[in-house]
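Thanks for making time. I have one structure today, and I will go from a single residue out to the fold around it.

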Amino acid sequence: MPIYYHEETKTFRLDAKDSSYAFFVNRFGYLQHLYYGAHISDTSLSELAYTAGHSSIHALPPASTGAFFSLDVSRMEYPCFGRGDCRGTALSIRRSDTGTVDTDLTYVSHKLYAGKPTLAGQPATYATADEADTLEILLHDTVSGAEVTLFYTVFRNLAAITRRVAIRNAGKNVLEVERALSLCVDFHDVTDMDVVHLYGEWARERSVERVPMMHGTQSVGSLRGASSHVHNPFLALCSHHATETAGDACGFSLVYCGNFLASAEMDSDGGGRVLLGIHPDGFRWRLEPGETFETPEAVSVWSSEGLGGMSRTYHRLYANHLVRGKWKTERRPILINNWEATYFNFDEEKIFGIAEEASKLGIEMLVLDDGWFGKRDNDKSGLGDWFVNEQKLKGGLKKLVDRIHGLGMKFGIWFEPEMVSPDSDLYRAHPEWALQVPGRENSVGRNQYVLDMTRTEVQDYLFGRFADVLSQGGIDYIKWDFNRNFSEVGSLTVGTERQGEIFHRYCLGLYALLERLHNAYPDLLLEGCAGGGGRFDPAWLYYAPQIWTSDDSDAIERLDIQYGTSFCYPPSAMGAHVSACPNHQVHRTTPIATRGNVALMGAFGYELDLRTLTDEEKELVRQQCADFRRDYALTHTGDFYRLISPWHDRTDCAWCFVSPDRREALLTYVVIRAKISIPRYVRLQGLNPDALYRCQETGEEYHGDTLMHAGYCIRKTNSDFHSEKLHFEVVG
Ligand code: GLA
């Protein structure tokens, strides 16, 4: 079992493939952190405990009985507010008997077992008893009655450790949890580390930012109700010299779709603390005696092979141990979405016409986007009224679905379930179903309000609408959208003492509905979406194997967005479409071949009126669809390598996929800004150095080591937005 316990020193060492994580129970009963990094062999490690400090300043807990032990300078495993640790802490609990915030957790017991327990009501990674082992540690606070269980699951074949925490009120008085983070990792020395995180906005999500650690705290987070376009629930530390291929990198990712906080703090001694979990602002959870609160799951990944190694571990973990159901392994259909082709302006003939053309080109599913329901000719009305608009779709939805099926295509449909338009029958009938604060008028975002997903009647109504629509003759896919951030977060069914729970209860309500849908329709393909990529997070991957990456469908903008997204998420999860030119968001014109090559990195589809294409373009579409089918195994189960960053000097971008047996590789290269007469040597990664590869497109033959060290020479770099896709296969 890759979890070791050294009885004498009470040290735990957790080995997740090529990495080790260690902490111990010190003689005062506190859990002190020892190490996180590349694999080490010793378990008796308590001598590594950090003991510096200045007793004239730092508080010493009474248990330390004269010895120097301060919670403020020690590296702690799950630090709490109120007993002298004045850095960011993982847990704050306000006691109702004293009104104070003071928690003091010491060790009670632990257990070790093979496998991974489920997390009721929340998304989480899963593993069998052969794949992972779990350590549970019980801590308690004898004064307040708080009982805390720390869960660690260690993957055997992946350098990943999952963490979560359960907080139980085992005392007699109510406890108000004001901060309950999922993960804390203290490092002895982060002076030579950088912080990496993903920031953005609507239509330009997940740019990579890398900055040196500084004294004090750097943090990213969301208070938007969704994980958001602006920050992603992901943060990494890496050594200054870490590259894509070398150096230490350590990622932290939260399996959560709501408000989150990810922070990295460097103290005066150069030590570091990473915290990750539900954002404490706007959060408060009331625990009556006997009640338990469970945090979402956090996932840390260690890599000694740079940021690329870290990303590939996340890709494997999330593709194989988070995504569930039929579409985890089954090839996903190539889709045509009508949004950028028609916006709200369509009828059944127009939709059928697009589908008919698509079917001739090898596209396999028609997705009917916004506007098919209620009174919905623009974004000012209709959300909530999930009944087909028969003025637009004469003869009803079933008739259209049957006609599309008649073309041999699947049918998918758009919903934005969590929202309601003030101008809708649903809102007129149930104004109390919207999130709201009594006495305040609701703010609008895209002319809509947010439904109160904590209410079971709202979940039931939505499930009923899904069931009705899905019963209309075989609907194979749902695109689940979400187009505004939260404001006025209050629920009319919850008492004042529990209003601080609404942000999180909203997520739990959403998960309950998603789980119900998943169980009732196991074959349904769900695509997540939130105004593009405003909820591109691991929680969504548990329900939806693919997520619309961004509302910016321009191929060149997508280089940045998909590159950044790949830091934590597998390309197979990234919804990526070929759209019209000039592009509707940035008005750029790019060759359709390049639009295809960029979209072929992810969950592939089209989003334009195919009838307007020339015959030559249609032939390319046919070819792209064939390529997607041919390369599916490679792009959906192979390893992904970032080769040239689009941010490097804004000149070009390249990536490759390599099959697990390293016999096949697919290189994609895109020119961003043309250069005169400068060939580009693209160095591949992940190949077998000794094998001889043949390039299918050119017939050239090179050994893996040549392709990885000398590079493959791309000569045509003098044309803006030119791209190449090259397929290498081992000869013989
Ligand atoms: C959001 C989505 C788009 C499209 C529109 C429809 O912006 O991200 O893809 O579905 O809503 O209103």
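Leu393 counts as buried because its relative accessibility is 0%, and the cut-off for buried is under 20%. Keep in mind that this is a predicted model.

Where does Leu393 sit in the chain? It is in the loop between β22, residues 365-368, and α5, residues 397-406.

Now its surroundings. If we set aside the neighbours within four places in sequence, Leu393 is in contact with Phe346, Asp347, Glu348, Leu368, Trp372, Val388 and Leu400. Take Asp347 from that list: along the chain, Asp347 and Leu393 are 46 residues apart, and their C-alpha atoms are separated by 5.6 Å.

Next, the sheet. Eight strands form a closed barrel with parallel pairing, in the order β21-β22-β23-β26-β27-β28-β29-β30. From one strand to the next, the twist averages 30°. Helix α5, which ends the loop holding Leu393, packs on this sheet and touches β22 and β23, the latter being residues 410-415. The direction of α5 makes about 140° with that of β23.

Trp548 has Gly575 in β29 as its bridge partner. As background, strands of a sheet pair through backbone hydrogen bonds, either parallel or antiparallel.

The last item is helix α11, residues 592-599, which lies across β29 and β30, with β30 at residues 603-607. Helix α11 runs at about 170° to β29.

That is what I have; questions are welcome.

Note on methods
Residues numbered from 1 in each chain as written. Predicted model: local features only at pLDDT ≥ 70, side-chain atom pairs only at ≥ 80, totals over all residues. Heavy atoms only, no water. Helix = DSSP H or I, 4+ residues; strand = E, 2+ residues; numbered from the N terminus. Buried < 20%, exposed > 50% of the residue type's maximum accessible area, 1.4 Å probe, protein only. Contact = heavy atoms within 4.5 Å. Pairing = 2+ DSSP bridges. Axes fitted to C-alpha atoms, helices over the stretch in contact; angles between N-to-C directions.
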